[in-house]
Amino acid sequence: MAELEHSHHPEDIERRLAAGRQPSYLRDAILGGIDGCVTTFAVVASVAGAGLPGVVAFSLGLASLIADGFSMGVSNYQGVKSDRDAVAQARATENRHIRQVPDGEREEIRQIFARKGFEGDVLEKIVDTISSDESLWVDTMLREEHGLELEGVDPIRAALWTFGAFVLVGAIPLLPFMLPMLGVDIAFAVSSTLTAITFFGIGFVKGVIVGEGRMRAGIETLLMGGGAALIAYFVGGVFEPMMTEMGLAISG
(Lines give C-alpha, C1' and ligand atoms only; values in the text may rest on other atoms or scores of the structure.)
Protein backbone atom coordinates (compact mmCIF):
# COMPACT_ATOMS: atom_id res chain seq x y z
CA MET A 1 0.00 0.00 0.00
CA ALA A 2 1.30 3.44 -0.94
CA GLU A 3 2.30 5.77 1.89
CA LEU A 4 -0.46 8.24 2.70
CA GLU A 5 0.05 12.00 2.86
CA HIS A 6 -0.88 12.22 6.57
CA SER A 7 -1.82 10.06 9.54
CA HIS A 8 -5.43 9.05 10.19
CA HIS A 9 -4.96 8.31 13.88
CA PRO A 10 -7.75 10.00 15.89
CA GLU A 11 -5.32 12.23 17.82
CA ASP A 12 -3.54 13.29 14.64
CA ILE A 13 -6.85 14.04 12.94
CA GLU A 14 -7.98 16.16 15.89
CA ARG A 15 -4.70 18.08 15.94
CA ARG A 16 -4.78 18.64 12.18
CA LEU A 17 -8.38 19.89 12.17
CA ALA A 18 -7.74 22.15 15.18
CA ALA A 19 -4.85 23.79 13.36
CA GLY A 20 -7.19 24.76 10.53
CA ARG A 21 -6.36 25.23 6.88
CA GLN A 22 -3.18 27.14 6.18
CA PRO A 23 -3.44 29.57 3.26
CA SER A 24 -1.20 28.71 0.31
CA TYR A 25 0.59 31.32 -1.75
CA LEU A 26 1.79 28.80 -4.32
CA ARG A 27 -0.63 30.14 -6.93
CA ASP A 28 0.63 33.70 -6.42
CA ALA A 29 4.29 32.68 -6.63
CA ILE A 30 3.81 30.54 -9.74
CA LEU A 31 1.72 33.21 -11.44
CA GLY A 32 4.31 35.87 -10.69
CA GLY A 33 7.27 33.69 -11.64
CA ILE A 34 5.90 32.55 -14.99
CA ASP A 35 4.62 35.99 -15.94
CA GLY A 36 7.89 37.64 -14.89
CA CYS A 37 9.97 35.23 -16.95
CA VAL A 38 7.69 35.54 -19.97
CA THR A 39 7.58 39.34 -19.72
CA THR A 40 11.32 39.93 -19.56
CA PHE A 41 12.14 37.25 -22.11
CA ALA A 42 9.55 38.78 -24.42
CA VAL A 43 11.49 42.04 -24.25
CA VAL A 44 14.81 40.26 -24.74
CA ALA A 45 13.44 38.22 -27.63
CA SER A 46 11.91 41.27 -29.30
CA VAL A 47 15.15 43.21 -29.06
CA ALA A 48 17.24 40.26 -30.24
CA GLY A 49 14.80 39.62 -33.07
CA ALA A 50 15.26 43.23 -34.15
CA GLY A 51 19.05 42.88 -34.04
CA LEU A 52 19.64 45.61 -31.43
CA PRO A 53 22.59 45.83 -28.97
CA GLY A 54 22.53 43.84 -25.74
CA VAL A 55 22.49 47.02 -23.63
CA VAL A 56 19.10 47.85 -25.13
CA ALA A 57 17.76 44.41 -24.20
CA PHE A 58 19.03 44.75 -20.63
CA SER A 59 17.77 48.32 -20.15
CA LEU A 60 14.31 47.68 -21.54
CA GLY A 61 14.07 44.33 -19.79
CA LEU A 62 15.02 45.80 -16.41
CA ALA A 63 12.55 48.65 -16.74
CA SER A 64 9.80 46.22 -17.74
CA LEU A 65 10.72 43.89 -14.88
CA ILE A 66 10.24 46.51 -12.17
CA ALA A 67 7.23 48.28 -13.65
CA ASP A 68 5.29 45.17 -14.67
CA GLY A 69 6.18 43.37 -11.44
CA PHE A 70 4.81 46.22 -9.35
CA SER A 71 1.71 46.43 -11.54
CA MET A 72 1.07 42.71 -11.24
CA GLY A 73 1.54 42.78 -7.47
CA VAL A 74 -0.96 45.62 -7.15
CA SER A 75 -3.42 43.84 -9.44
CA ASN A 76 -3.18 40.66 -7.40
CA TYR A 77 -3.69 42.64 -4.20
CA GLN A 78 -6.83 44.22 -5.59
CA GLY A 79 -8.13 40.86 -6.82
CA VAL A 80 -7.60 39.09 -3.49
CA LYS A 81 -8.99 42.05 -1.55
CA SER A 82 -12.10 42.00 -3.74
CA ASP A 83 -12.64 38.36 -2.81
CA ARG A 84 -12.29 39.22 0.88
CA ASP A 85 -14.69 42.15 0.49
CA ALA A 86 -17.22 39.86 -1.20
CA VAL A 87 -17.08 37.49 1.78
CA ALA A 88 -17.54 40.36 4.23
CA GLN A 89 -20.51 41.71 2.29
CA ALA A 90 -22.15 38.29 2.04
CA ARG A 91 -21.58 37.74 5.77
CA ALA A 92 -23.30 41.03 6.61
CA THR A 93 -26.22 40.09 4.35
CA GLU A 94 -26.65 36.65 5.94
CA ASN A 95 -26.48 38.12 9.45
CA ARG A 96 -29.24 40.52 8.53
CA HIS A 97 -31.39 37.78 6.98
CA ILE A 98 -30.98 35.53 10.01
CA ARG A 99 -32.19 38.29 12.31
CA GLN A 100 -35.07 39.39 10.08
CA VAL A 101 -36.33 36.10 8.57
CA PRO A 102 -34.90 33.27 10.73
CA ASP A 103 -37.54 30.76 9.60
CA GLY A 104 -36.64 31.34 5.97
CA GLU A 105 -32.95 30.89 6.70
CA ARG A 106 -33.66 27.68 8.63
CA GLU A 107 -35.56 26.41 5.62
CA GLU A 108 -32.55 27.15 3.43
CA ILE A 109 -30.36 25.07 5.76
CA ARG A 110 -32.97 22.30 5.68
CA GLN A 111 -33.06 22.20 1.88
CA ILE A 112 -29.30 22.42 1.53
CA PHE A 113 -28.73 19.34 3.67
CA ALA A 114 -31.75 17.53 2.26
CA ARG A 115 -29.99 17.75 -1.11
CA LYS A 116 -27.04 15.98 0.50
CA GLY A 117 -29.26 13.02 1.35
CA PHE A 118 -30.23 13.77 4.95
CA GLU A 119 -33.88 13.39 5.95
CA GLY A 120 -36.26 12.91 8.87
CA ASP A 121 -35.03 13.36 12.44
CA VAL A 122 -31.39 13.43 11.38
CA LEU A 123 -32.08 16.34 9.03
CA GLU A 124 -34.00 18.26 11.72
CA LYS A 125 -31.21 17.71 14.24
CA ILE A 126 -28.69 19.11 11.76
CA VAL A 127 -30.89 22.16 11.20
CA ASP A 128 -31.33 22.70 14.94
CA THR A 129 -27.61 22.30 15.64
CA ILE A 130 -26.49 24.72 12.94
CA SER A 131 -29.16 27.35 13.62
CA SER A 132 -28.41 27.35 17.35
CA ASP A 133 -25.02 28.97 16.69
CA GLU A 134 -25.27 32.15 14.61
CA SER A 135 -21.59 32.14 13.64
CA LEU A 136 -21.78 28.52 12.46
CA TRP A 137 -25.08 29.30 10.77
CA VAL A 138 -23.62 32.19 8.78
CA ASP A 139 -20.42 30.29 7.87
CA THR A 140 -22.53 27.36 6.64
CA MET A 141 -24.62 29.66 4.44
CA LEU A 142 -21.54 31.34 3.02
CA ARG A 143 -19.99 28.01 2.06
CA GLU A 144 -23.08 26.07 1.00
CA GLU A 145 -25.31 28.77 -0.52
CA HIS A 146 -22.76 31.25 -1.86
CA GLY A 147 -19.86 28.87 -2.48
CA LEU A 148 -17.37 31.24 -0.85
CA GLU A 149 -13.95 30.34 0.53
CA LEU A 150 -13.70 31.64 4.09
CA GLU A 151 -10.02 30.88 4.74
CA GLY A 152 -8.59 33.12 2.04
CA VAL A 153 -5.04 34.37 1.64
CA ASP A 154 -3.89 37.76 2.94
CA PRO A 155 -3.98 40.38 0.13
CA ILE A 156 -0.67 42.00 1.10
CA ARG A 157 1.18 38.70 1.35
CA ALA A 158 -0.32 37.55 -1.93
CA ALA A 159 0.90 40.75 -3.60
CA LEU A 160 4.40 40.40 -2.11
CA TRP A 161 4.67 36.78 -3.21
CA THR A 162 3.62 37.74 -6.73
CA PHE A 163 5.96 40.72 -6.95
CA GLY A 164 8.89 38.84 -5.39
CA ALA A 165 8.54 35.85 -7.70
CA PHE A 166 8.03 38.14 -10.70
CA VAL A 167 11.26 40.06 -10.08
CA LEU A 168 13.35 37.08 -8.95
CA VAL A 169 12.41 34.72 -11.77
CA GLY A 170 11.97 37.49 -14.32
CA ALA A 171 15.57 38.59 -13.84
CA ILE A 172 16.91 35.25 -15.13
CA PRO A 173 16.55 36.00 -18.87
CA LEU A 174 18.47 39.26 -18.34
CA LEU A 175 21.53 37.73 -16.66
CA PRO A 176 23.55 36.99 -19.84
CA PHE A 177 23.10 40.57 -21.02
CA MET A 178 24.93 41.79 -17.91
CA LEU A 179 28.14 40.42 -19.43
CA PRO A 180 29.36 42.85 -22.14
CA MET A 181 31.96 40.38 -23.41
CA LEU A 182 29.15 38.17 -24.73
CA GLY A 183 27.81 39.08 -28.12
CA VAL A 184 24.08 39.61 -28.55
CA ASP A 185 23.66 36.27 -30.32
CA ILE A 186 25.48 34.31 -27.61
CA ALA A 187 23.74 36.22 -24.83
CA PHE A 188 20.38 35.52 -26.41
CA ALA A 189 21.19 31.82 -26.83
CA VAL A 190 22.21 31.57 -23.16
CA SER A 191 19.14 33.56 -22.12
CA SER A 192 16.90 31.23 -24.12
CA THR A 193 18.45 28.19 -22.46
CA LEU A 194 18.13 29.65 -18.98
CA THR A 195 14.54 30.65 -19.66
CA ALA A 196 13.61 27.18 -20.89
CA ILE A 197 15.22 25.61 -17.81
CA THR A 198 13.36 28.11 -15.61
CA PHE A 199 9.99 27.35 -17.20
CA PHE A 200 10.53 23.64 -16.75
CA GLY A 201 11.77 24.16 -13.18
CA ILE A 202 8.70 26.17 -12.20
CA GLY A 203 6.41 23.44 -13.48
CA PHE A 204 8.50 20.71 -11.87
CA VAL A 205 8.43 22.42 -8.46
CA LYS A 206 4.68 22.95 -8.78
CA GLY A 207 4.29 19.24 -9.51
CA VAL A 208 6.30 18.35 -6.41
CA ILE A 209 4.27 20.66 -4.16
CA VAL A 210 0.80 19.74 -5.39
CA GLY A 211 1.63 16.06 -5.84
CA GLU A 212 0.98 15.78 -9.58
CA GLY A 213 3.22 14.45 -12.35
CA ARG A 214 6.45 16.40 -12.03
CA MET A 215 7.76 15.84 -15.56
CA ARG A 216 4.35 16.50 -17.09
CA ALA A 217 3.93 19.73 -15.10
CA GLY A 218 7.43 20.83 -16.09
CA ILE A 219 6.94 20.12 -19.78
CA GLU A 220 3.49 21.75 -19.75
CA THR A 221 4.88 24.96 -18.25
CA LEU A 222 7.84 24.87 -20.65
CA LEU A 223 5.55 24.58 -23.67
CA MET A 224 3.26 27.40 -22.56
CA GLY A 225 6.07 29.75 -21.60
CA GLY A 226 8.11 28.80 -24.65
CA GLY A 227 5.14 29.48 -26.91
CA ALA A 228 4.81 32.99 -25.51
CA ALA A 229 8.56 33.53 -25.95
CA LEU A 230 8.48 32.40 -29.61
CA ILE A 231 5.60 34.74 -30.35
CA ALA A 232 7.56 37.60 -28.82
CA TYR A 233 10.64 36.73 -30.88
CA PHE A 234 8.76 36.78 -34.17
CA VAL A 235 6.92 39.96 -33.22
CA GLY A 236 10.31 41.55 -32.61
CA GLY A 237 11.33 40.62 -36.14
CA VAL A 238 8.15 42.13 -37.58
CA PHE A 239 8.73 45.43 -35.79
CA GLU A 240 12.45 45.46 -36.46
CA PRO A 241 12.51 48.85 -38.29
CA MET A 242 10.79 50.65 -35.42
CA MET A 243 13.00 48.98 -32.80
CA THR A 244 16.12 49.81 -34.82
CA GLU A 245 15.25 53.49 -34.90
CA MET A 246 14.68 53.45 -31.14
CA GLY A 247 18.02 51.69 -30.59
CA LEU A 248 19.85 54.23 -32.73
CA ALA A 249 18.22 57.04 -30.79
CA ILE A 250 19.33 55.52 -27.49
CA SER A 251 22.89 54.86 -28.64
CA GLY A 252 23.10 58.30 -30.23
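Which side chains meet in a salt bridge at 3.2 Å, N to O? Lys81 and Asp85 do, and the close-ups below start with them. This is a predicted model, where local features need pLDDT of at least 70, side-chain atom pairs count only at pLDDT 80 or more, and totals for chains, interfaces and linings use all residues. Residues are numbered from 1 along each chain as its sequence is written, and side-chain values use heavy atoms, with hydrogens and water left out.

**View 1. Lys81 and Asp85 pair up within helix H3.** A salt bridge here is a side-chain nitrogen of Lys or Arg within 4 Å of a carboxyl oxygen of Asp or Glu. Both residues sit in helix H3 (residues 54-100), 4 residues apart, so about one helical turn separates them. Helices are DSSP runs of H or I, at least four residues, numbered from the N terminus. Lys81 is partly exposed at 32% relative accessibility, and Asp85 is partly exposed too, at 38%. (Buried is under 20% relative accessible area, exposed over 50%, partly exposed in between, with a 1.4 Å probe and protein chains only.)

**View 2. Arg91 meets Asp139 in a salt bridge.** Their N to O distance is 2.9 Å. Arg91 belongs to helix H3 and Asp139 to helix H6 (residues 134-144), so this pair ties together parts 48 residues apart in sequence. Arg91 is partly exposed at 28%, whereas Asp139 is buried at 19%.

**View 3. Glu107, Arg110 and Glu124 form a salt-bridge network.** Arg110 and Glu124 meet at 2.9 Å, N to O. Arg110 is in helix H4 (residues 102-114) and Glu124 in helix H5 (residues 120-131), so the pair links parts 14 residues apart in sequence.

Notes. Helix = DSSP H or I, 4+ residues; strand = E, 2+ residues; numbered from the N terminus.
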